[in-house]
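Subject: Structure for you to look at

Hello,

Here is the structure I said I would pass on.

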Amino acid sequence: MIKKLGALLLMSVALITGCQNSTMEPEEINPEIDVCEVCNMGLAHEHYATEIVTADGEVYKFDDIECMDEFVEMAPELKEENTAKHYVRDVDTGEWVDLEKAFHAYHPDFWTPMANGVVSFKDKESAEKYVKEQGIGEVLDYESLKKHEWSWEQ
């Protein structure tokens, strides 16, 4: 009886850990049911969505990069690289990109779901092309983005 109970316990642990997102990879967005963790808006504009995936498998979804930044300020433990990965999407392709590797075009007049004006891209060339096409704005890398003042901070 004890052996069967032990085996059942091991199978339960294996099942639970197997279901978690231990690779810290982003999940696909379902615009029908997913909502932003901060503002509770639907994720209708999927290419602007962002995610935080924690080492223990939790996935937090946001409608905009600004909401993700605000969420991290409320949960500073998520700033540690070993505890969570932060993702943005390339606005052109919808491809998930590690926040630290992404580039962003910024101008207060650029449209985004939360009107913050930060649009993310997978590479610097795409961000520069966007700024050139718009005729306004600047390109931000990860270090520049960390210094950006968001509207919720004002």
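What pattern does the protein chain follow, read along the sequence? The order is α-β-β-α-β-β-β-β-α-β-α, and the secondary structure comes to four helices and seven strands. Please keep in mind that this is a predicted model.

**The chain as a whole**

The protein chain has 154 residues, and 40% of them count as buried. Its accessible surface is about 9300 Å², with 52% of that area belonging to carbon and sulfur atoms. Taking contacts between residues at least 6 apart in sequence, 57% join residues at least 24 apart.

**The largest pocket**

The volume of the largest pocket is about 510 Å³. It has 20 lining residues, and those nearest its centre are Val72, His86, Leu99, Tyr142 and Lys146. The elements that give two or more residues to this lining are helix H2 (65-74), S3 and H4. H2 supplies the largest share, five residues. By type, the lining of the largest pocket holds nine nonpolar residues, one polar residue and 10 charged ones.

Tyr142, one of the residues nearest the centre of that pocket, is placed in helix H4 (residues 142-147). Which residues does Tyr142 touch, leaving out those up to four places away in sequence? They are Leu99, Glu100 and Ala102. Leu99 is also among the residues nearest the pocket centre. Phe103 is 39 residues from Tyr142 along the chain, and the C-alpha atoms of the two are separated by 6.9 Å.

**The cavity**

A general point comes before this part: rolling a probe the size of a water molecule over the atoms shows where empty space is left. How many cavities of 30 Å³ or more does the count give? The count comes to one. The space in the largest cavity is about 80 Å³. Its lining has 14 residues, and His47, Tyr48, Ile65, Val118 and Ser120 are the closest to its centre. Strand S3 (84-89) and strand S6 (118-121) are the elements that give two or more residues to this lining, and S6 gives the most, with three residues. The lining of the largest cavity divides into seven nonpolar, five polar and two charged residues.

**Two residues with positive phi**

Most residues other than glycine have a negative phi. Met24 is not a glycine, yet it has a positive phi of about 60 degrees. Met24 sits in the loop between helix H1 (2-19) and strand S1 (50-54). Ala115 also has a positive phi, near 60 degrees, and is found in the loop between strand S5 (103-106) and S6.

Are these two buried or exposed? Met24 counts as buried because its relative accessibility is 11%, under the cut-off of 20%. Ala115 is exposed, since its relative accessible area is 60% and the cut-off is over 50%.

**One more residue**

Ser126 lies in helix H3 (residues 124-134). With a relative accessible area of 18%, Ser126 is buried. Its side chain is joined to the side chain of Asp123 by a polar contact of 2.7 Å.

Regards

Notes. Residues are numbered from 1 along each chain as its sequence is written. This is a predicted model: local features need pLDDT of at least 70, side-chain atom pairs count only at pLDDT 80 or more; totals for chains, interfaces and linings use all residues. Side-chain values use heavy atoms; hydrogens and water are left out. On a 1 Å grid over the protein atoms alone, a cavity is a set of points where a 1.4 Å probe fits but cannot get out, and a pocket is an open set with protein on both sides within 12 Å along at least five of seven lines; lining residues have an atom within 4 Å of a point. Grid points are joined across faces, edges and corners, and a volume is the space filled by probe spheres set on the points. Ala, Val, Leu, Ile, Met, Phe, Trp, Tyr, Cys and Pro count as nonpolar, Asp, Glu, Lys and Arg as charged, and the others, Gly among them, as polar. Buried means under 20% relative accessible area, exposed over 50%, partly exposed in between (1.4 Å probe, protein chains only). A polar contact is a pair of N or O atoms within 3.5 Å; within protein, one must be able to donate a hydrogen and the other to accept it, and residues adjacent in sequence count only if both atoms are side-chain atoms. Contact means heavy atoms within 4.5 Å. Accessible areas come from the Shrake-Rupley method with a 1.4 Å probe; for residues, only the protein chains shown count as cover.
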